[in-house]
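The paragraphs below go through a set of helices and a few residues in the loops. Keep the sequence and the model open while reading.

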Amino acid sequence: MAAQDRNNGGIEGLFDVAVVGGGVVGCAIAREFTLAGARTILLEQGPDILSGASKANSAILHTGFDAPVGSLEQRLVAESHALYCKLHDRLNLPLLETGALLVAWSEAEEARLPEIIADAHRNGVGDVEPVTAAQARARVPALGPLARAGVVIPREYVIDPWTAPLAYLSQAVRNGAVALFRAAVESGDFDGSAWHLTTPRGTVHAAHVINAAGLHGDQLDQALLGASAFTIRPRKGQFVVFDKAAARLVDTILLPVPTTRTKGVVVCPTIFGNVLVGPTAEEQDSRTDTSVKQATLEALKAEAARLVPALAQVPVTAVYAGLRPASEEKDYRILATPARHWITVGGIRSTGLTGALGIARHVLGLYGNRHAPLPDPAWQQMPNLAEYRPRDWSSPGHGEIVCHCELVTRREIEAALLGDLPAADLAGVKRRTRAMMGRCQGFYCAARISELVDGAIDPPFAVGPAHG
């Protein structure tokens, strides 16, 4: 059994629901169904959660102010925003109340602001209001001199992109769900009442399947249902992360005027004390290529300097790229096939982190009221990685500071290898602790971390990829 698996009785017998995909949406669905009383198993092809699209995003808790009016995405994002604000304290998940400032930089963009405000109000985000260039600059003094006007969105916040999904699945596991990793669904048969899914870890039997396979969602539909109602069109987004010195320049989310295709490049504080700029929106055929290009990164840095000129003087800490599972339509593709006991959750593009809780509740509604909800479910407190709250290094007994850039302690690394969902690979350790994700990118701490995780991750640190 892989170190991270939590089988809680194994994979034998009939599950009520098998959730395929360990991204943020799959994790939230596993939690929702488990708390609703369903015997649930999550199958993930990677060694850890967030091995695909969900590991790289801008970590904004959206209000849905700019979603298409009347769309499923708008409704579920709004519901999810409220759900996250309601539960984050119980799971000790951070919520940095930054607000957002949408800025127009040209006459044409300025002309669109009334339409954006009207759509926001139609979407139920009634606190969105216009500001003049002077008011925008008073809010962000470092803003570039060419800003013409803006729109304030008070309830757009910043959250932790990795601890939130970890918390969702951890709570599911703590309440009886099974999480099985390195368990890609290779084939499956439906006998009229249940699915029999073949994985490298054995055959899983489940009455219903929920396809939350993200970048591979259409392929799973085609393989097991014989057809898919949509096609995934991977959209790469490259990011540049500035040093923490940038945080004094940008304490709110700076949004561009969106296009019909993308929300555009944002400049945004992170929960970890950095400032990021991105993402790009690059259509590509590959579902795995997350390489970055120097020319694109330079263009992102130039764009950041145009919006906030002082960022040109701040060093870059890291760069990365992620893929959004876009489809040929802008809205979510959540489709139930009752006769086959199957629900597909596809086309969740850039709002998956925000929308996950609402999506999970919507999918449960499609499934129906089939079980008795857990009367008193267990809740757990997640470790804090947010810079604006007390970190472990400031508490006694942490053992030692292992990663000096991010002030990660030995106690945090050891804890990441234990618990409801222990890290199974180096990327999992990094996402649970921030180790090696600071300015030196592991140059000084890698050897010590290798000692601490020796024997607990696969592949071993000494031969595995240093960054994931």
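Two residues are in contact when they have heavy atoms within 4.5 Å. The model is predicted, so local features need pLDDT of at least 70 and side-chain atom pairs count only at pLDDT 80 or more, while totals for chains, interfaces and linings use all residues. Residues are numbered from 1 along each chain as its sequence is written, and side-chain values use heavy atoms, with hydrogens and water left out. Helices (H or I, at least four residues) and strands (E, at least two) are DSSP runs, numbered from the N terminus.

Begin with Leu385, which is placed in the loop between α8 and β20 (401–403). Leaving aside neighbours within four places in sequence, Leu385 is in contact with Asp160, Thr163, Ile271, Phe272, Arg391, Glu412, Arg431, Arg432, Thr433 and Arg434. Between Leu385 and Arg434 there are 49 residues along the chain, yet their C-alpha atoms are separated by 7.5 Å. Buried means under 20% relative accessible area, exposed over 50%, and partly exposed in between, with a 1.4 Å probe and protein chains only. Leu385 has a relative accessible area of 3% and is therefore buried.

Just after α10 comes Arg434, with a positive phi of about 80°.

Next, turn to helix α1, residues 24–35. Its 12 residues reach 17 Å from the first C-alpha to the last, close to the 16 Å expected at 1.5 Å a residue; the expected span is 1.5 Å times one less than the number of residues. In α1, 12 of 12 residues are buried, among them Gly26, Arg31 and Glu32. Gly37 follows α1 and has a positive phi, near 100°.

What covers α1? Axes here are lines fitted to C-alpha atoms, for helices over the stretch in contact, and angles run from 0 to 180 degrees between N-to-C directions. Angles under 35 degrees count as roughly parallel, over 145 as roughly antiparallel, 65 to 115 as roughly perpendicular and the rest as oblique. The axes of α1 and α8 (residues 352–367) come within 8 Å and cross at roughly 45°, so the two helices are oblique to each other. Ala, Val, Leu, Ile, Met, Phe, Trp, Tyr, Cys and Pro count as nonpolar, Asp, Glu, Lys and Arg as charged, and the others, Gly among them, as polar.

With α5, α1 packs at an angle of about 30°, the axes being 8 Å apart. The pair is therefore roughly parallel, and its crossing is left-handed.

Among the residues in contact are Leu76, Ser80 and Leu83 of α2, and Gly355, Gly358 and His362 of α8. Here the division is nine nonpolar, five polar and two charged.

Some backbone details remain. A cis peptide bond joins Gly278 and Pro279, with omega about -5°, and Pro279 is found in the loop between β15 (275–278) and β16 (282–283). Another cis peptide bond joins Asp458 and Pro459, with omega about 5°; Pro459 is in the segment after α11. Ala59 is not a glycine but has a positive phi of about 60°, and at 9% relative accessibility Ala59 counts as buried. Leu407, in the loop between β20 and β21, has phi near 55° and is partly exposed at 31%.

Conventions:
Left-handed = near helix turned anticlockwise from the far one by under 90°.
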